[in-house]
Amino acid sequence: ILTQQTTPGQGSPILRGQSAQAVLYLIDGVRYNNATYRAGNTQYLAWIPDVGVESVETLLGPAGVNYGSDALGGAINVLTKPTPAFASDGISRMSGSVRVFGESASVGGGLHATVGGSSGKVAGFIAGSATRHGNVRGGGGRDSHHAAVRFLGFSDEQVSSAFGRRYIDTGYGQVGVVAKGSLRTDPTSSIDVFFTTAQQNDIRRYDRLLGGDGRVRADFVPQRLTFGYLRYEKFFADTFVEAKVSLNTQTDGRRDQRRPSSALRIERNSDTVWGFEFNGSKSLDHHLLTGGIEIYRDNVDAVRSETNNGITEAVRPRVPNGAAYSSFGVFLLDEWTTLDSRLRVSGGLRFSAFHYSVHASDNVLAGQSSVPDTEASFTDLTFNLGANYTLSETLDVWGRVARGRSEEHTAELTSSRN
């Protein structure tokens, strides 16, 4: 696992050489990626407030059968903190915590606060976080990639003297709220609800500013997340069923300007995704069967403008405004255990279907449509097959073959008429 980072407070994981739209992010098993993710490295995983995170699971290699499109290099599943345990004695309880922290590299700090409680049938918590970081101080105060070093031939001492020992424009802030609740409807079933909203402020691409290209402006603003799900779970003797409805809204904006005399480009892309999942698993002799269906629907709201010499005009967004992207998947997995549990064989198959559409009438600029009416439909089949054999208490032999795929996204499916 590698990480690419060009902005403070953000980073893009690289799994098996793949990143961005070829790595799938999830929150509690619910899809977090959307159809606007670009082919380059992305920053969106960093938007999830850490105050609500319990742990992170990483699956290396194609995971298309388990999770669908984009899980080509692997999948990262962010597991949120569990709700407090239900009170077995029927007595309601409340608890809370406050954590204050600081660090010297950026002269930054923050606050985490959590309050929660439980009774015999209801449990939940709400948590909030706020952090603020100043400009980062590099090792020894050096910045070997500074624009003055690259283009003007400054020495490290001259850069430190002219610009200081901290990297200008690397400070940022982040705020977030997480809420989670659980209702035990009977001893074998429950209803869970999860919600989070977060925003990053003053995020800038340092590698395009003084840290590299020397541009005047390279801001990531706004950077906002709203994510939630409602889940119903039911346990039987040897069967488990689960249904989920989810909402995922991610708003990503940019402000970019090369020189004071250059055009100022401002854009905002907002993608709202509704999702539905139904999964179930059943134990049958030496087999564990798992299957389900998933439906997701993306709707894009996008604007972009350029300002030259005080005159602002609308231009075509990176992702067409009004673009709609629907995905459907049905899958079946089997895990078979035999030879006194020494041999485990697993395999699965997923069929996926996708539909994309955009209307020229939603993208009219200066009296002309900037994109044509476009519709596209496509399907895919992914699979995996693996085996694990235990030779001794300390030695296992295993192998796996799998096929994954990252389907085309909205930015790649529509061409400009110009």
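Predicted model: local features only at pLDDT ≥ 70, side-chain atom pairs only at ≥ 80, totals over all residues.
**Entry 1: the whole thing**

I started with the overall build. The protein has 418 residues, and buried ones make up 45% of them. I looked up the secondary structure and got 4 helices and 23 strands. The C-alpha trace spans about 70 × 55 × 45 Å along its principal axes. Then I checked how far along the chain the contacts reach. Taking contacts between residues at least 6 apart in sequence, 65% join residues at least 24 apart.

**Entry 2: salt bridges**

How many salt bridges does the count come to? I got 25. I picked out a few pairs to look at one by one.

Arginine 132 pairs with aspartate 202, and their closest N and O atoms are 2.9 Å apart. The arginine sits in strand β9 (residues 122–133) and the aspartate in the loop between β11 (189–201) and β12 (203–204), so this bridge ties together parts that are 70 residues apart in sequence. I also looked up how open each partner is. Arginine 132 has a relative accessible area of 42%, so I put it down as partly exposed. Aspartate 202 is partly exposed too, at 35%.

Next I took aspartate 238 and lysine 282, whose closest N and O atoms are 3.3 Å apart in their salt bridge. This pair links distant parts of the chain, 44 residues apart: aspartate 238 is in the loop between β13 (217–235) and β14 (239–257), and lysine 282 is in strand β15 (residues 264–284). Aspartate 238 comes out as partly exposed at 36% relative accessibility, and lysine 282 as partly exposed at 35%.

Is aspartate 380 buried or exposed? Its relative accessibility is 11%, and the cut-off for buried is under 20%, so it counts as buried. Arginine 403 is partly exposed, at 31%.

I also noted a network: Asp169, Arg204, Arg217, Asp219 and Arg255 are linked by salt bridges.

**Entry 3: lysine 244**

Lysine 244 is in strand β14. With a relative accessible area of 6%, lysine 244 is under the 20% cut-off and therefore buried.

What does lysine 244 touch, apart from its neighbours within four places in sequence? I found Asp28, Gly29, Val30, Leu230, Arg231, Gly275, Phe276 and Glu277. The lysine 244 side chain reaches the backbone oxygen of aspartate 28 at 3.2 Å. For a sense of distance, I also checked methionine 94: its C-alpha atom is 28 Å from that of lysine 244, and the two residues are 150 apart along the chain.

**Entry 4: the largest pocket**

I moved on to empty space. Rolling a probe the size of a water molecule over the atoms shows where such space is left.

The largest pocket holds about 720 Å³. Its lining has 30 residues, and Leu59, Asn66, Ser346, Asn384 and Arg400 lie nearest the centre. Several elements give two or more residues to this lining, among them α1 (64–67), β16 (287–308), β22 and β23. By class, I noted 13 nonpolar, 11 polar and 6 charged residues in the pocket lining.

**Entry 5: the cavities**

The count of cavities of 30 Å³ or more comes to 6. I looked at two of them.

The largest cavity has about 220 Å³ of space. The lining divides into 8 nonpolar, 8 polar and 6 charged residues.

The second largest cavity has a volume of about 150 Å³. It is lined by 16 residues, and Thr36, Arg38, Tyr44, Asp252 and Asn269 are the closest to its centre. The elements giving two or more residues are β14 and β15, and β14 supplies the largest share, 5 residues. I sorted this lining as 3 nonpolar, 7 polar and 6 charged.

Conventions. Residues numbered from 1 in each chain as written. Heavy atoms only, no water. Salt bridge = Lys/Arg side-chain N within 4 Å of Asp/Glu carboxyl O. Buried < 20%, exposed > 50% of the residue type's maximum accessible area, 1.4 Å probe, protein only. 1 Å grid on protein atoms, 1.4 Å probe; cavity = no way out; pocket = protein on both sides within 12 Å on 5 of 7 lines; lining within 4 Å. Points joined across faces, edges and corners; volume = space filled by probe spheres on them. Nonpolar A, V, L, I, M, F, W, Y, C, P; charged D, E, K, R; others polar. Contact = heavy atoms within 4.5 Å. Polar contact = N/O pair within 3.5 Å; in protein donor to acceptor, adjacent residues only side chain to side chain.
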